[in-house]
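Please walk me through this model.

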Amino acid sequence: YIIELLQRLSEEEGQRLYKFDDSSTTVKDRIEELFSYDYSDLNEITESKITQICDFLSQRLLSKEIEAQERYGHLGHDIQKGMLIFTFLKITDTNYKIIISKSDYDKFIEEMTGDLKEGLPQKKKIYKSFIVNVDEIEGDLTIDKILTYDSNRVVSAYWWKEFLELIPLTSDEDNTIHAFDEIEKKLLNPILGRSKGDYTQLWNLTLAYL
């Protein structure tokens with residue numbers, strides 16, 4: 001299940017680029033903590049240290065999910081239980097990728113007993129992910145290419161903002177303005193010379209939609 005999920009994540013382009021919020025870097029600190037070891041041999045990283053970091057991240061996520069459920073539960077937005085997966089990949093001698101993902105449990109009816117149970121869906125996987133690229137050269141760390149992905153229709157702010165402490169490199173407003181400029185330049189303006197009435201109607205409809 002995990003290998004298949006990681007393969008799917010490797011194919012995702014991500015939904016938005018981020019940077020860490022410099023005012024609160026709890027998760028960033030845990031990532032930097034991983035590089036206080038010599039990784040010439042990956043076996044040198046102790047299981048207890050990885051366990052400590054994973055325990056910290058899982059408890060932090062749980063607390064943020066409880067807070068979000070208390071804020072938004074009355075609106076019918078239930079936060080699902082799930083499995084948190086922490087992946088540490090060594091790509092080259094100086095390049096690493098860290099992936100933090102959460103797979104949501106789903107309810108299903110057990111075939112033989114008819115009991116209602118919860119588990120991980122094999123086909124329709126529902127998950128959130130965080131992928132960061134880290135370069136480590138002679139003790140100097142460069143953290144970049146921070147991406148997130150959410151298979152839910154609504155991207156969960158508690159995941160990227162409160163749990164991971166990220167700031168989007170481009171805001172929703174920036175994306176909206178860029179999208180409208182491209183639509184106007186490539187689709188609407190060519191119509192203006194042929195039919196001003198159609199141009200005006202389509203321009204207004206596009207503006208209202210965005």
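The side chains of Asn 133 and Asn 95 are joined by a polar contact of 2.9 Å. A polar contact is a pair of N or O atoms within 3.5 Å; within protein, one must be able to donate a hydrogen and the other to accept it, and residues adjacent in sequence count only if both atoms are side-chain atoms. A further polar contact, of 3.4 Å, links the side chain of Asn 133 to the side chain of Lys 97.

The model is predicted: local features need pLDDT of at least 70, side-chain atom pairs count only at pLDDT 80 or more, and totals for chains, interfaces and linings use all residues. Residues are numbered from 1 along each chain as its sequence is written, and side-chain values use heavy atoms, with hydrogens and water left out.

Asn 133 sits in strand 6. Helices (H or I, at least four residues) and strands (E, at least two) are DSSP runs, numbered from the N terminus. Is Asn 133 buried or exposed? Asn 133 counts as buried, because its relative accessibility is 6%. Buried means under 20% relative accessible area and exposed over 50%, with partly exposed in between (1.4 Å probe, protein chains only). Leaving aside neighbours within four places in sequence, Asn 133 is in contact (heavy atoms within 4.5 Å) with several residues, among them Tyr 96, Thr 142 and Asp 144.

Asp 140 belongs to strand 7, residues 140-150. Asp 140 is exposed, with a relative accessible area of 56%. Asp 140 and Phe 35 are 105 residues apart in sequence, yet 9.5 Å apart in space, C-alpha to C-alpha.

Now turn to helix 1, residues 2-11. Which residues of helix 1 are buried? They are Leu 5, Leu 6 and Leu 9. These residues lie on the same side of helix 1 because they cover an arc of only 100° around the axis. The arc is that of the directions from the helix axis to the C-beta atoms. An α-helix has 3.6 residues a turn, so residues three or four places apart point the same way. The face turned away from the buried side of helix 1 carries the exposed residues Ile 3, Ser 10 and Glu 11. The cover over the buried residues of helix 1 includes strand 2 (82-90), strand 3 and strand 6 (127-137).
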